[in-house]
Amino acid sequence: MNLPFPDYSAYLAHSTRRHFLSRCSLGLGGIALASLLGRSRAVGAETAPAASPRPDGRHHPARAKQIIYLFMAGGPSQLELFDYKPKLIELNGQPIPQSFLEGKRFAFMDTSHGTKLLGTRRQFARHGRSGAWVSELMPHTAKIVDELSIVNSCAANLFNHAPAKLFMNTGSGLFGRPSMGAWVNYGLGSESQSLPGFVVLQSGPRGPRGGAVNWGAGFLPTTHQGVPLRGGVEPILDLATPAGISAAQQRQAFDAIRDLNLARAVETGDPEISTRIAAYEMAARMQTSGPELTDLSKETAATLTAYGTDRDTPSFARNCLYARRLVERGVRFVQLYHTNWDSHGGPGENLNSDFEKVCREVDQAQAALVLDLKQRGLLKDTLVVWGGEFGRTPMGENRDTMGRNHHIDAFTMWFAGGGVKAGQVLGQSDELGFNAVEDRAHVHDIHATILHLLGIDHKKLTFRFQGRDFRLTDVHGELITKLWA
Amino acid sequence: MFPAPPLTRFFLALVPLSLAAQPAVDYLTEVKPLLAQHCCRCHGAAQQKGGLRVDTVAAMREGGDSGTLFAAGPVDGSLLLKVILGTHDEVAQMPYKKPPLAEAQIATIRRWVMQGAAAPAHEEPEKTRHWAFAAPERPLAPEVLDTAWPRNPIDRFVLARLEAGKIKPSREADPATLLRRVTLDLTGLPPTPAEVDQFLSDKSAGAYERAVDRLLASPRHGERWARPWLDVARYADSNGYSVDAPRQIWKYRDWVVAALNADLPYDQFVIEQLAGDLLPEPTAGQRVATGFNRNTQINQEGGIDPEQFRIEAVMDRVATFGTAFLGLTVSCAQCHDHKFDPISQQDYYRLFAFFNNSVDDGHGKTVSGGLLAFPREIEAPEGLMRELEEARAALESFLNTQGGAVTAWIATLDTPARVKFGATAREALKLPWDQLTLAHKRALYALMPDGAPEFAAANLRLQRLERREPRPITTLVMQELPQPRETVVFIKGDFTRPGERVTPGTPAALPPLAVANPNRLDLARWLFAPEHPLTARVMVNRLWQQYFGRGLVETENDFGTQGTPPSHPELLDWLATEFRERGWSLKALHRLIVTSATYRRSSHARPDLATSDPLNRLLARQTRLRLDAESIRDVALAASGLLSPKIGGPPVFPPQPDGVMTLGQVKRTWTPSTGEDRYRRALYTHWWRATPHPALAVFDAADGFTTCTRRLRSNTPLQALTLLNDPQFLELAEALGRRAESARGWSAAAKLSHAFRLCTAREPSAGERARLVAFFKQQTAPGGGGVRAAWTAVGRVLLNLDETITRE
């Protein structure tokens, strides 16, 4: 139709480009602007890796472009799954040698902390060409060990859930620091024109401790924060047009807002209005892309069976399928939280049937995800990370049923795809599983390594806040070169 | 133009004009600034690497370990030229490990040395003191050429800088824009169309100032300015960490609103918040004010070490104190001496000692003493208290007849049986029956086998009534332990590694605290010592930041050596001294700023300044600022006509999308408020730290975890989705549409203009009105939702305009 408005598109293109080039924190707005400018992607090159010599904003060639992080919230027991300890089984029921206890602090130490060693009752076997040990509780994962780098020597600093989870996500146990997904999007921007660059999915009986701060942007611009997708038909808050408003009417509203904003942009000369116009265009695209993302009707029965999910029931398995669809659509960082791995013993948290149940909830789907990514050619560019905020003690707890306490000195994570060496077991804990004794991989080292795989030097990805340059790895972090070399 | 440090300007004033007029290189303007920028960090007052300092010509002549900088002979043979050229055999090229000086800069220094390296008269060495650690001295407002422009001294400082750069200030903003600006800035709400009309028609002198006074007197002013203060105080309605249980501390929020409305002088405002509990015979209000330091998080997770989280809270109080009042990053000294500012690790723990003595623990279990109750403020339902009294009396009179039976039964009990009793019953065993309270008697009798049926009936009746009995309102307050805790330095900031013992004290680089055994109250009063260099500067800077989007010191939370120097140092100091001279009146400061000519400029971009001053540091114009999260909701509420004027009280629950509350560890419910509470200002929205209201969080509301002195202003698609589709905004759009539609006898175009004015305070241009008319026609076309829906659609468009959510 004939609008009573002049055509401002030339103005917009000019002012937007100028603004885009001059402004710092762009985030999602920047992505939208980039698409407005006909760029394929927006690299936060003006901001983050400022010293980057590379046109794509990276410090060195990337092995991985995207990440799927399977966060096992609560701290899964490595001793029941990947870290096979015959000596611990042999010494089952014996007191822990004093030499292992000195200088250590444990959660719940005062009331219920056990001091007797607990050997696993699970059967372990070697699998694949790599001969990695995996217990009977993860039969599907056992079949893909030749795709994985299993690291049995991970270590963390904090032994309570909320601070530990923050530590694993942000490199600090204190609130207010940006999460890894926020850092990565800040550094690299998103490749999706119509979805946020950092998406979070959740499953299990409860949300992860600490909630939204685990995927927060901290002091980074909020555009980089994780966007939690929910189950059901509305994956992003307020994504659906309100009832009673047709798609055509919604488009008319978008157009009217754009035209009036354009008039104001011309009147005031404020480039921020151009960013807002672009943000509304992105919002309009997200209204379409969001529902398309969660529409599983085109997924084949074979795929659904492989993951062990149907189209309608919220579960970790369905989230794994969403994760693949998200990386297919260019989302940079996908994080799945699954609870409850907090196997202290006690109601709902024992190492017997409760632990078997939570293993069943993830085992088939996580293996299917890795294989599905591989089959679709996505695995080489997608780094899959699996692990909790810590592991479990070699001692059992004095509770009604079998359980283990939180343990930060040795636990297991695994990595797949994204340039990671396939089919290796890296690092060792001591014979009782107490301390990492070979190739210790501290959380800061893991962060440095993940950034490295993405082409980012963890020492150069910084943000000045309250008078200091902050980074994900604080003042720490050594590359775990064996993970890819 | 090189931004001259304060000391250089001091010298400039002393130099005879004739010297500057000579064709020779001017040391003070051409050489000294170069040395100050590139050399004095290592060779100045703070440190003298190689025994050398270059902050005076005399010191350069004297030289350091390698001798004088100006040896006789060819100029390029002098030590100074050799090191900056990089031709010295042993000394590395200077500046050390930095890019060399530019050729033109080296040439200037070379010419100056050739001309004899003349020293100015009375050149004094650089002082060690960073500017922010010296008390502000009151500068005279500078002379300006355009004497008609300034409205108050602020303008002379600003105009002098602009004139020096040959920049003309922008024109004044349109009256409607100006009134909207000042109304939003002073009250957080837009002006009503009637207020705009009145202002536009008032052509008499002082119309604007009268509007300012009206706004400053409005109770909305305290609500608006409480918000940035509550950001600093990291206020929230929940405990944070993983459990994030609700807490009651809204009395503190209401105290802030009331204090700002009453223009409580800033010194009292701060002293009562930091140490109201330690004032002689503190009032309830003064104790409520200490909630400032109780806004720390509480970790209620099982299995934690409570001491660890008690210490986290104390550290948070130190960090907040440092940021909020000193504008310093004192937390950097938690693990080691501050790398840049004169704050030692000892200094840090000396500050820590002031906050280390309160009764609250790290687990939220020890609340006695840290909690102030207001039992009389509860309004019980009609007749409930009378019924409760009657039921209690009935039960008590029955129990009073049962003493013998109970005593006989107790005598039959052995120790294991007694141990199994609950705490109240166990207590009751210690006293004879007639000395027991009703609660004790009740607890014991309930355990007795074969109790009389009269008891069961009377007890049940009382229990039912008690369930309806409102709990007393409480608020978290500071309270000192009778015996202070011992404070030690934590080695590397690790509380499990105690180091040497320290006593309370203030950082050595700041004015001394001349009190023996100082406590928190002394610390609070110390902030307002006449020679304190930071308190006033930090606060006027934060106020300035709210009005111009950026502080005079851009790093509003870092006045230390790593912060940015002030853009207008004299203005900052003038404002700081003025603040003090006006009795620390915040309203006087607000009035001063908003009545300045500087504040009243148009915010339109200036193409002529796009490259020279893109960020508007020189303040030739105002700046368009996206509204804060709370104001975005409040503007929509006001435009829709639904806004409730109710001040204070418990937090409220405006609608939010389903499922938000399930994202936290503990699933909580969010039952939307009904009636008036549904439409309260966003200040009153219940703030869950772990699961904040998404419509506020998406617009960068402070998270409440740590002190926040400046919010980000992000601009995202999620904000667009919120304003367009969120049920609470849809409800307001509908009300706005209805309000516009109901103007009887007006044409559609006039109604559209009215709705537009409700949001932006100005008339739409002809083009804008035509566009709205075209949109309205689209919406009312056959097949649409009808006229009512079309008006809602208009409301949606208007609430989504960039201008509606922006202060221009």
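Two residues are taken to be in contact if their C-beta atoms, placed from the backbone, lie within 7 Å. The structure is a predicted model. On this criterion, 60 residues of chain A are in contact with 62 residues of chain B. Three helices of chain B, H29 (717–725), H32 (766–780) and H33 (786–800), each supply at least two residues of the side that touches chain A. H32(B) gives the most to that side, with eight residues. By class, the side of chain B that touches chain A has 28 polar, 22 nonpolar and 12 charged residues.

One helix pair spans the two chains. Two packed helices are described by the angle between their axes and the distance between the axes. The axes of helix H9 of chain A (residues 271–294) and H29(B) come within 8 Å. They cross at roughly 75°. Angles of 65 to 115 degrees count as roughly perpendicular, and H9(A) and H29(B) are therefore roughly perpendicular to each other. From H9(A), the residues involved are Ala279(A), Tyr280(A), Met282(A), Ala283(A) and Met286(A). They meet Pro717(B), Gln719(B), Ala720(B) and Leu721(B) in H29(B). The residues of this contact divide into eight nonpolar, one polar and no charged.

Chain A was examined next. Its secondary structure consists of 13 helices and 17 strands. Of its 485 residues, 61% are buried. Among contacts in chain A between residues at least 6 apart in sequence, 74% join residues at least 24 apart.

Strands E2 (residues 124–127) and E3 (residues 132–135) of chain A pair in the antiparallel sense, over four bridges. Phe124(A) has Ser135(A) in E3(A) as its bridge partner. E2(A) and E3(A) form a hairpin with four residues between them. In the turn, Gly128(A) has a positive phi of about 65°.

Ala182(A) lies in helix H7 (residues 180–188) of chain A. A residue counts as buried if 20 or more other C-beta atoms lie within 10 Å of its own. Ala182(A) has 30 such atoms within 10 Å, so it is buried. Leaving aside neighbours within four places in sequence, Ala182(A) is in contact with Phe198(A), Gly216(A), Ala217(A), Gly218(A), Leu220(A), His224(A), Gln225(A) and Gly226(A). Leu472(A) is 290 residues from Ala182(A) in sequence. Their C-alpha atoms are 9.9 Å apart in space.

Chain B has 33 helices and six strands. Along its principal axes, the C-alpha trace of chain B spans about 115 × 80 × 45 Å. Of the 808 residues of chain B, 45% count as buried. Among contacts in chain B with a separation of 6 or more, 67% are between residues 24 or more positions apart.

Helix H8 of chain B (residues 175–187) has 13 residues. H8(B) reaches 18 Å from its first C-alpha to its last, close to the 18 Å expected at 1.5 Å a residue. Of the 13 residues of H8(B), 12 are buried, so the helix is largely enclosed by the rest of the structure. The buried residues of H8(B) include the leucines Leu178(B), Leu179(B), Leu184(B) and Leu186(B). Arg180(B), Arg181(B) and Asp185(B) are also among them. Just after H8(B), Gly188(B) takes a positive phi of about 75°.

How values were computed:
Residues numbered from 1 in each chain as written. Chains lettered and ligands numbered in written order. Predicted model: local features only at pLDDT ≥ 70, side-chain atom pairs only at ≥ 80, totals over all residues. Nonpolar A, V, L, I, M, F, W, Y, C, P; charged D, E, K, R; others polar. Expected span 1.5 Å × (residues − 1). Axes fitted to C-alpha atoms, helices over the stretch in contact; angles between N-to-C directions. Parallel < 35°, antiparallel > 145°, perpendicular 65-115°, else oblique. Pairing = 2+ DSSP bridges.
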